[in-house]
Amino acid sequence: MTGQPPPTAPEPSPDTSTSDPSSLEASSLEATLHAAGFPVDLLTDEQRLVLGELTPEELTLLLDVKSRLDAVGPEVQAHGEIAGGALF
């Protein structure tokens, strides 16, 4: 004996036998997209499937492009309101 307490058993992991891990990932992805301003509730099942297959790098790129578009959005929207959407 070395005088150290016996190792404790690791905490049991949550039971995932009844839940689909891909659906957990999908809901996390949808939450991320929703927080970034994507209208995830309006997406079709097919669109959700495509987004669910994004790699982390693709998701990062998508969020970056969205944020840059949003940054110039007010200027573009103002043109649409003034000119009836004739200017791009």
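In which helix is the place of threonine 32? Threonine 32 sits in helix 1, which covers residues 21-35. The legends below walk through this predicted model, where local features need pLDDT of at least 70, side-chain atom pairs count only at pLDDT 80 or more, and totals for chains, interfaces and linings use all residues. Residues are numbered from 1 along each chain as its sequence is written, and side-chain values use heavy atoms, with hydrogens and water left out.

**View 1. The protein has 3 helices and 0 strands.** Along the sequence the pattern reads α-α-α. Helices (H or I, at least four residues) and strands (E, at least two) are DSSP runs, numbered from the N terminus. The protein has 88 residues, and 9% of them count as buried; buried means under 20% relative accessible area, exposed over 50%, and partly exposed in between (1.4 Å probe, protein chains only).

**View 2. Threonine 32 is partly exposed.** Its relative accessible area is 33%. Threonine 32 and leucine 63 are 31 residues apart in sequence, and their C-alpha atoms are 9.2 Å apart in space.

**View 3. Lysine 66 is buried in the model.** You will find lysine 66 in helix 3 (residues 56-83). Lysine 66 counts as buried because its relative accessible area is 16%. Its side chain makes a polar contact with the side chain of aspartate 70 at 2.7 Å. A polar contact is a pair of N or O atoms within 3.5 Å; within protein, one must be able to donate a hydrogen and the other to accept it, and residues adjacent in sequence count only if both atoms are side-chain atoms. Neighbours within four places in sequence aside, lysine 66 is in contact (heavy atoms within 4.5 Å) with Ala36, Gly37 and Phe38.

**View 4. The largest nonpolar core has 6 residues.** Its members are Leu29, Leu33, Phe38, Val40, Leu51 and Leu59. Such a core is a set of buried Ala, Val, Leu, Ile, Met, Phe, Trp, Tyr and Cys residues joined through side-chain atoms within 4.5 Å. In soluble globular proteins, nonpolar side chains tend to be buried together. Leaving aside neighbours within four places in sequence, valine 40 is in contact with Glu30, Leu33, His34 and Arg48.

**View 5. Leucine 69 is exposed.** Leucine 69 lies in helix 3, and its relative accessible area is 55%.
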